Amino acid sequence: MTTAEYILPRADSVSWRRPLVVFALLGFLTTVLMVLNIGVGSVYFSPEEIWKTIMQHQSVSTMDAIVWKIRIPRAIAAVLGGAYLAVSGLLLQVYFRNPIVGPFILGISSGATVMVSFVMLTTLTVGMTVLSPFMTTVAAFAGAYGVMLIVVAVASRVKSGVTLLIVGLMMGYLCGAVTSILTALAEKEKIKGFVLWQLGSFSGFKWSEIAVLLVCGGLVLALIYLLSKPLNAFLLGEEYAASMGVNIRRFRILILLCACALAGMITSVAGPVAFVGLAVPHMARLGFGTSDNRILIPGACLMGALVTSLCDLIARMLLSPVELPLSAITAFFGAPIVIGLLMKRRVKL
Amino acid sequence: MNRTHQSHILTCGNLSVGYKDKTILAGLNLAFEAGHFISLLGPNGAGKTTLLRTLSRHLEPLGGRIDVLGRSLSSLSAMELAKIMAVVLTDKVSPPLFTVFEFVALGRYPHTDFLGRLGSEDRSVVQNALTAVHAEDLAYRPFADLSDGERQKALVARALAQQPRLLLLDEPTIHLDLKHRVEVMAILRDLCRSRGITVVASLHDVDVAAKVSDRVALVKDGGLSDWGVPEAVLTGRAVAELYDFNDAEFNSHLGSIELRGDGRRGRAFVVAGMGSGALVYRMLAKRGFAIATGVLHTNDLDYYVARSLGAECTVQAPMEAINDMAMTAAAEQMEVCNVVIDCGFAVGPMNRNNVELLRVAMQKGKSVLSLRSSELEVLYHTGAKTSLVLCGDVVHLLEALDRRFPVNDFTQNLPEYSLEA
């Protein structure tokens, strides 16, 4: 944007043009990727076949099962996963005023991992075979929220965001230590399944899970959008925010709850997916050219959906039929982007 | 409710401030009147910032009470308080990708709807705030690119956008260059005078505080050492005690701080008057001379400067011709001095005797350095002209002094530095 445009008296109409263009572009690309994710896979179907299957969802054919039970849920999960993780990361970055914060740094994923390791590596749940398909999900959720509750409890006592950040990091280390001990003690056969879960994947989402994610996540997102005004005030730091009328104590608990809810939801089903929560908020900030959270919250949703859809597509297709770990692809994407952004110092918080 | 509090925007009753187990200031009783400029002065670490942070509710008071517009500070909601009070802190804020206008607009927080959308009134308030701090031209610059001075102006504008009645500022001029220091203080004073905003600022510059404030609070040693109008509170002694000055003095008449020298290089007798000596005194003090001076009228600028610099002054009441008693006293002072300096004062009926004093000096063989440039100008005639040196200006005076009183060569004490290595 040129200086001349900036100085126009109706600066508002100008500053809205860029976000609208970026929104449209991201929306279009995400739709294209969703279509690709449904259309492309290790088994080849022609576009007409897929179209027919989607339109006439009744048959009991294999193709129907593949499209309706595997590909569509997975495509939707990738979109939701990216969106939720990105917004979760955005909230935490604003809250901690720290660009290297993501849902994973606060120990949320480590909490989920440690609980899942209990389920998958030990024999504590032997008696509960009926529950076993849901056990990982439930355990991950419990772990994520357990760690989050500790962090929130500390948050209400500690004033400084940095201290809280360190508490989160330490929680992560503690959980990691427990996980590694359990891994060392576990039987060989069990370890592989656990390692695969740890790599993160959007496969295996059930429709019921997607419905829960949509409803709960949607509500949380709506709540977060309503918080965008205090979030903007928070860009100046806690003390300025308080002096402008933000109820700090209530606000910070809300922020942490929302961030953990979104990240926990995704992690419990998909396993830990790295870097999306960390890198996407930066990409959104740069793409939209603003720090205004009223634009960034929907912006990060779309950007996150786009990035995870793309990463999932690459993970599935690059060495098809072997599926690459999703976290590896997101890391290949995320790490250079974060380093590049920080080197350019365009996005410092 | 106490009616007498109505004209006060903020009052503290027996307030104690500090952190959990450490009281920093106690027993504070203050009442800030609406539209006043209030300065908090005190040495670093005395608790100015702690007090400000307590007043702005960033810290809980340890005891006592704070009332804002007659209501207890703790009973106000965050929004209510934000409409009354705005703050400018020392924290370095640099929100990314914000223009100055957007940054200042964040100050509209307590006035906008739940999404923080700006209405036309909000826009004009923001514009107005930018105008008040002379920063209209910064409006569409990225906030992160501002210099320290410009940033401080933007921070004040953001606070103004809250439309507060009370503005708390922590060290608003720290890190600023002279231009912006003066500008920011002028802006703050104007906010008091023309908008009726009460400004409470912790300041470092006593001289600036004395000139700007309606009230000053001196903070030291765990409490308020004085509180009142600066003209009464900021005496030389009070300021010296506040900052533990040993070799400096604040002169309330001059509104400046004079730095005394150690007087090790020798003792100079200065014959001055009518402002001719002020610069010479400062120069001598700076260069390590002890100063005696006379005969000065007590309404003379030279007298104020000389006294603040700790010079021995022989004086005469204003509007009186210098009498014999003063002459004798001055001659005695002159006797023990190593050099006599004539500042080139104008001569009239009241100070004619100062010329006599110079004549006495030369008769006694004292070396006299004169700032006059021609011998004709030297209205005295003596047989001992050899001891008179005409310097003409301060530069030559300095050279003459340095020739007579060589500066200690401290480099002798430094460790040997060899280039060979």
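Reply: Helix α5(B) lies across β6 and β7 of chain B, running at about 170° to β6(B). Angles here run from 0 to 180 degrees between N-to-C directions, with axes fitted to C-alpha atoms, for helices over the stretch in contact. Helices (H or I, at least four residues) and strands (E, at least two) are DSSP runs, numbered from the N terminus. Helix α6 (residues 178–195) of chain B also packs on the sheet, where it touches β3 (37–41), β7 and β8 of chain B, and its direction makes about 135° with that of β3(B).

A word on the ground rules: the model is predicted, so local features need pLDDT of at least 70 and side-chain atom pairs count only at pLDDT 80 or more, while totals for chains, interfaces and linings use all residues. Residues are numbered from 1 along each chain as its sequence is written, chains are lettered from A and ligands numbered from 1 in the order in which they are written, and side-chain values use heavy atoms, leaving out hydrogens and water.

The sheet itself is open, with six strands in the order β6-β7-β8-β3-β9-β10 (chain B) and mixed pairing; two strands pair if DSSP finds at least two bridges between them. At the edges stand β6 and β10 (223–228) of chain B, each with a single partner strand, so one side of each has no neighbour in the sheet. On average, neighbouring strands are turned by 15° against each other, direction ignored. Further in, β7 (residues 166–170) and β8 (residues 198–202) of chain B run parallel and are joined by five bridges. One of the residues involved is Asp170(B), whose bridge partner in β8(B) is Ser202(B).

Now to the neighbouring chain. In all, 33 residues of chain B are in contact (heavy atoms within 4.5 Å) with 30 residues of chain A. Leu97(B), Tyr109(B) and Tyr140(B) lose the most area to chain A, together 26% of what the chain B side buries; buried area is the accessible area (1.4 Å probe) that two parts lose on being put together, summed over both. Across the interface there is one salt bridge (a side-chain nitrogen of Lys or Arg within 4 Å of a carboxyl oxygen of Asp or Glu). Glu239(A) and Arg53(B) form this bridge, at 2.6 Å, N to O. The elements giving two or more residues to the side of chain B that touches chain A are α2 (78–84), β6 (85–88) and α5 (148–161) of chain B, which brings us back to the helix we began with.
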